[in-house]
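Here is a short report on one protein model. Read it with the sequence and the coordinates side by side.

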Amino acid sequence: MAFFKKFLQKICDDDSSTGFKGGPAGTAYFGTVKADSNFNAQNDAAKLKKAIETKGVDEATIVELIAKKSNAQRQQIKEAYQQSTGKPLADALKKALKSDFEEVVLALLMTPPEYDAFEMKRSMKATRSEDYNIDDGLAKSDAKVLFEAGENRVGTVCSVLINVLTSRSEAQLCKIFQYYGKYSKEGLAKALESELHGNLEDCLMTLVKSAWNKPAFFAESLHLAMKGLGTNTDTLTRIIVSRSEIDLLKIIQEFKRMYGKTLQEAILKETSGDYEKILLALCGTQ
C-alpha cells in the first residue's frame with residue numbers, strides 16, 4: 001500500500017499525464033512468451049500425443065511444447081491434435097495431468113478471451129470505457145465530484161465513488177487523480193483509506209492502483225500470493241498465464257524493483273515440481 005501511496009502522491013503533484021502506464025504498448029513487446037520460429041503444429045501435436053501416452057506422462061516435453069509457444073501457435077496445435085486423434089487436446093491433458101500444473105496447462109490452451117471468460121472478470125468490465133483519449137474537462141469535474149462525495153462531507157456517498165472509479169478509462173482515471181490533488185491535501189489514496197473500510201476499500205484501491213501502474217499492481221498481487229504460509233496458486237497461475245504475452249516482462253522488472261528479488265527466485269522458493277517448471281518457463285530467462 002505504501003508503494004502506491006507514493007505513486008499517487010507523485011501524480012497528484014505532476015501536471016502531465018505521461019505517467020499513465022496502461023495504454024497501448026505501440027511496437028514494443030513486453031511479454032515473456034514469443035512465437036517459436038521453427039514451429040510445426042503437426043509435429044508438436046504428435047509429440048504431445050506421445051508425451052501424454054508415455055507411462056507416467058512426460059511433463060518436461062509438455063512444458064517445452066506448451067509454455068514456449070505463442071497462444072496463436074497453441075491454437076494451431078489444438079487443431080492439429082484434434083484432426084490427428086479425433087479428440088480435444090484439453091480433454092487428453094486433463095486426464096493425464098493433475099493439480100496446479102494441470103490448471104496452468106489448460107489455461108494456456110485457451111484463447112485470451114476464453115481465459116478472461118473462464119476467470120469471470122468483474123461485471124463492471126462490460127461498462128468501463130476503453131478510450132485512451134483524455135477528456136480534461138470531465139477529469140476536473142470528476143475530481144471535484146469525488147472530493148465532494150468523500151472527504152469534503154460527513155458521510156461518504158459510496159455510489160458516486162463507485163460510479164466514477166468503475167466507469168472511467170484507466171487513462172482518464174490518472175488525470176482525475178492529478179486534479180484531485182488540487183482539492184485535497186491528503187490525496188485520493190488516503191481519502192479512500194480514511195473514508196472507506198473492508199471489501200469496498202479494497203476493491204476501489206485495486207482500481208486506483210491498477211489504473212496508474214498495472215505492472216506494479218500485478219507485481220504486488222504476485223508478492224501477496226506468495227507471502228506468508230501457503231501460496232495462492234490460483235492468483236499465481238492467473239497473472240502469469242494471462243500476462244505472459246502482454247507485459248510479464250514489465251511485471252518481472254517491477255517485482256525486482258519493489259521487493260529486491262526476482263519473481264523467479266520467489267517462484268523457486270514457494271512452488272515445486274512441474275508447476276514450478278512451467279511457471280519459470282513462462283517467465284523466460286530474465
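What share of the contacts with a separation of 6 or more comes from residues 24 or more positions apart? Such residues account for 74% of those contacts in the protein. A contact means heavy atoms within 4.5 Å.

This is a predicted model, in which local features need pLDDT of at least 70 and side-chain atom pairs count only at pLDDT 80 or more, while totals for chains, interfaces and linings use all residues. Residues are numbered from 1 along each chain as its sequence is written, and side-chain values use heavy atoms, with hydrogens and water left out.

**Overall make-up**

The protein has 17 helices and zero strands. Both are DSSP runs numbered from the N terminus: helices are H or I with at least four residues, strands are E with at least two. Of the 286 residues, 45% are buried. Buried means under 20% relative accessible area, exposed over 50%, and partly exposed in between, with a 1.4 Å probe and protein chains only. The accessible surface is about 14800 Å², and carbon and sulfur atoms hold 51% of that. Areas come from the Shrake-Rupley method with a 1.4 Å probe; for residues, only the protein chains shown count as cover.

Helix α17 spans residues 273–283. Its buried residues are Y275, E276, I278, L279, A281, L282 and C283. Their cover includes α3, α4 (71–85), α6, α14 (233–243), α15 (248–259) and α16 (263–270). G284 follows α17 and has a positive phi, near 80°.

The side chain of T32 reaches the backbone oxygen of L282 at 2.3 Å. T32 sits between α1 (2–13) and α2 (41–53). T32 is buried, at 12% relative accessible area.

Most residues other than glycine have a negative phi. Two residues here call for a check of their backbone.

| Residue | Phi | Place | Relative accessibility |

**The cavity**

How many cavities of 30 Å³ or more are there? The count comes to one. A cavity is a set of points on a 1 Å grid over the protein atoms alone where a 1.4 Å probe fits but cannot get out; lining residues have an atom within 4 Å of a point. Grid points are joined across faces, edges and corners, and a volume is the space filled by probe spheres set on the points.

The largest cavity has a volume of about 50 Å³. Ten residues line it, and G150, L161, A191, L192 and E195 lie nearest its centre. Helix α11 (residues 188–195) gives the most to this lining, with four residues. By class, the lining has six nonpolar, two polar and two charged residues. Nonpolar covers Ala, Val, Leu, Ile, Met, Phe, Trp, Tyr, Cys and Pro; charged covers Asp, Glu, Lys and Arg; the others, Gly among them, are polar.

**A171 and E130**

A171 is found in helix α10 (residues 170–183). A171 is buried, with a relative accessible area of 3%. In sequence, A171 and E130 are 41 residues apart. In space, their C-alpha atoms are 8.8 Å apart.

How values were computed: Polar contact = N/O pair within 3.5 Å; in protein donor to acceptor, adjacent residues only side chain to side chain. 1 Å grid on protein atoms, 1.4 Å probe; cavity = no way out; pocket = protein on both sides within 12 Å on 5 of 7 lines; lining within 4 Å.
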